[in-house]
Amino acid sequence: MAFQAFLIGLIVFIGKADYFVGTAMLGRPIVLGALVGLALGDTATGTIIGFSLELVFMGMQAIGASIPPDMIVGSVLGTAFAITTGNGIDTAVTIAMPAAVLSAFIVNLFYGVITPIMARSADRFAEDDNDRGITMIFLANGFIFDATFAVIAFVAFMFGGDAVSAFVAAIPTWLTTGIAIATGILPAVGFAQLITMIASKDTAVFLLLGFLLAAYLGVPTLGIVCFALVIVGVLYMAHIFIPKDSQIVAAEVDDDNEF
Amino acid sequence: MTTSSNEKKLTQKELNSIFWRTFTTSHAWHFERQQHMAFAFAMIPTIKKLYDNREDRIAAYKRHLEFYNCQTTMQPLIAGISAAMEEENANNEEFDTSSISSMKVALMGPLAGIGDSLIAGTLRIIATGIAAGLCMSGSLAGPLLFLLIYNIPTIALRWFGVKYGYGLGANIIGKISDADVMHKLTTALSIVGLMVIGAMVATNVGLTTPIAFDINGTMFSLQETFDSIFPRLLPVCALGALYALNKKGVPVLTQIIGIMVIGVVAGLLGIFG
């Protein structure tokens, strides 16, 4: 149990330290769920739950300076307790969501108070021409942050197991049903955010095309990507990539007037 | 003006250390100056190579400890340009160092927008979508495939970012704001991204209704009717509603709590399930 709790803490550390290794998406539920599965001896279940949580947290990505719920702590604890209590994805979501929201408060405490105060030392080292000092404060600052959440996850898994089991057993069926329904809808939150971010009036029709190919014809995702590449190729050949808001259109309009 | 005999020149060694050190972009992130320490950390070998004078080094460290925040994959490009400008500054007494800070501020916004929508918003989704099948069958190959599809292009982008950032120096601002190339690339990638999102809405948003009517002894299922007219109609409606909420600026947490409440109420009333 202690060793498993250590591994759970380590997985949270890896997820948090993703910021140190190129934001390589090691902190996504799709990866963390599989790691938790490996640690707890049920890789298949971990991977499946991790992917389901990935869908729930799909749109949650630190964009600019917005701080979303802490999906790293949420998904690691959610997957871990879903596996140890022998329950499925509904339990994982029931645990992951509150854990993620609570953990986000601690994240904000670091981002807003602890880290900025520590960062002042970097300024002092700069005044002293001390590059080792800048490096040290930079490394320490981030790794203290990562380690804090590893300890939180360790403690939660080590001592929270019974509490979570009792909690899960006490959940009435109307709530489980409700959360199961909500779990089905939640991925749409992320998709809606992504669409808000990347769709324009001109490109929205491709969203529908992807949907129809999958809904009516059952084309798998890789097939959808291939179709999309063909469409991009066709549009390129037909010279349809003309930015409406740029000078190019204006230049063409001018040309038309001249002729 | 310095003579050419002691002209300062960066070598591949410093550029390599920018490449490796920029992997740490969001480490020690905070609200006040965000990714500033990581940026200074990435510039340390360059600064030490270029400036023999203690005061110049101090000024450079302080310059790169100013506010900085951009999508992580874009940092090698901005750091590469910074390195070229620092090199110019080391060799040219006329050089105005405030232009280095201005360049960083000018580029971080647009590049963050491009990076967030193309990399976080599109590449990540494509990687998730392609890995979906393997993940759902519980295979470790799923997460591995996800990581490979995401990381191979982004690491390549980082490498070319340093290379071209340093190579083009300050001129790159002109290249990037040459909107045509960027617009074509953005449009092409958003087409791929949107089609994958559309497909994932169809396969991954689950919303059905158990409502059924008994008409003259024949059971009439509302869900079967939906399926025969427009498959996955309810997930699309949910998506449309959430999109409208996003447009109105309703916070994500509110949306999630709302969905939980709707789930419970609709479950009790037997509308969804």
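Biologist: In which loop of chain B does B:R232 lie?

Modeller: Keep in mind that this is a predicted model. Along chain B, helix α9 covers residues 222-229, and α10 covers 233-247. B:R232 lies in the loop between α9 and α10.

Biologist: Is B:R232 buried or exposed?

Modeller: The cut-off for a buried residue is 20 or more other C-beta atoms within 10 Å. B:R232 has 22 other C-beta atoms within 10 Å, so the residue is buried.

Biologist: What is the phi of B:R232?

Modeller: Most residues other than glycine have a negative phi. B:R232 is a residue other than glycine, yet its phi is positive. The value is near 60°.

Biologist: Which loop holds B:Q34, and what is its phi?

Modeller: B:Q34 is in the loop between α1 (12-21) and α2 of chain B. With 22 C-beta neighbours inside 10 Å, B:Q34 counts as buried. B:Q34 is not a glycine but has a positive phi, of about 55°.

Biologist: Which residues of chain A does B:P143 touch?

Modeller: B:P143 is in helix α6 of chain B, and its 29 C-beta neighbours inside 10 Å make it count as buried. Leaving out residues up to four places away in sequence, B:P143 touches B:A131 and B:C135 in chain B. In chain A, B:P143 touches A:I30, A:V31, A:A34 and A:T47.

Biologist: What separates the C-alpha atoms of B:P143 and B:T128?

Modeller: Along the chain, B:P143 and B:T128 are 15 residues apart.

Biologist: Which helix gives the most to the side of chain B that touches chain A?

Modeller: The contact takes 86 residues from chain A and 97 residues from chain B. On chain B, α2, α3, α5, α6, α8, α10 and α11 each supply at least two residues. By class, the side of chain B that touches chain A has 54 nonpolar, 31 polar and 12 charged residues. With 21 residues, the helix that gives the most is α8(B).

Biologist: At what angle do α5 and α7 of chain A pack?

Modeller: In α5(A), the residues A:I89, A:D90, A:V93 and A:T94 meet A:T176, A:I179, A:A180 and A:T183 of α7(A). By class, this contact has 4 nonpolar, 3 polar and 1 charged residues. The two helices are therefore roughly perpendicular to each other: their axes are 9 Å apart, and the angle is about 90°.

Biologist: How far apart are the C-alpha centres of the two domains of chain B?

Modeller: The domain assignment gives domain 1 as 4-200 and domain 2 as 205-269. The C-alpha centres of these domains of chain B lie 42 Å apart.

Biologist: What radius of gyration does chain B have?

Modeller: The C-alpha trace of chain B spans about 100 × 35 × 35 Å along its principal axes. A compact globule of 273 residues would have a radius of gyration near 19 Å. For chain B the value is 26 Å.

Biologist: How many helices and strands are in the secondary structure of chain B?

Modeller: Read along the sequence, the pattern of chain B is α-α-α-α-α-α-α-α-β-β-α-α-α. The secondary structure comes to 11 helices and 2 strands.

Terms used:
Residues are numbered from 1 along each chain as its sequence is written. Chains are lettered from A and ligands numbered from 1 in the order in which they are written. This is a predicted model: local features need pLDDT of at least 70, side-chain atom pairs count only at pLDDT 80 or more; totals for chains, interfaces and linings use all residues. Two residues are in contact if their C-beta atoms, placed from the backbone, lie within 7 Å. Helices (H or I, at least four residues) and strands (E, at least two) are DSSP runs, numbered from the N terminus. Ala, Val, Leu, Ile, Met, Phe, Trp, Tyr, Cys and Pro count as nonpolar, Asp, Glu, Lys and Arg as charged, and the others, Gly among them, as polar. Axes are lines fitted to C-alpha atoms, for helices over the stretch in contact, and angles run from 0 to 180 degrees between N-to-C directions. Angles under 35 degrees count as roughly parallel, over 145 as roughly antiparallel, 65 to 115 as roughly perpendicular and the rest as oblique. Domain bounds come from an automatic or database domain assignment. The radius of gyration is taken over C-alpha atoms; the globule rule is 2.2 Å times the number of residues to the power 0.38. A residue is buried if 20 or more other C-beta atoms lie within 10 Å of its own, exposed if 12 or fewer, and partly exposed in between; C-beta atoms are placed from the backbone.
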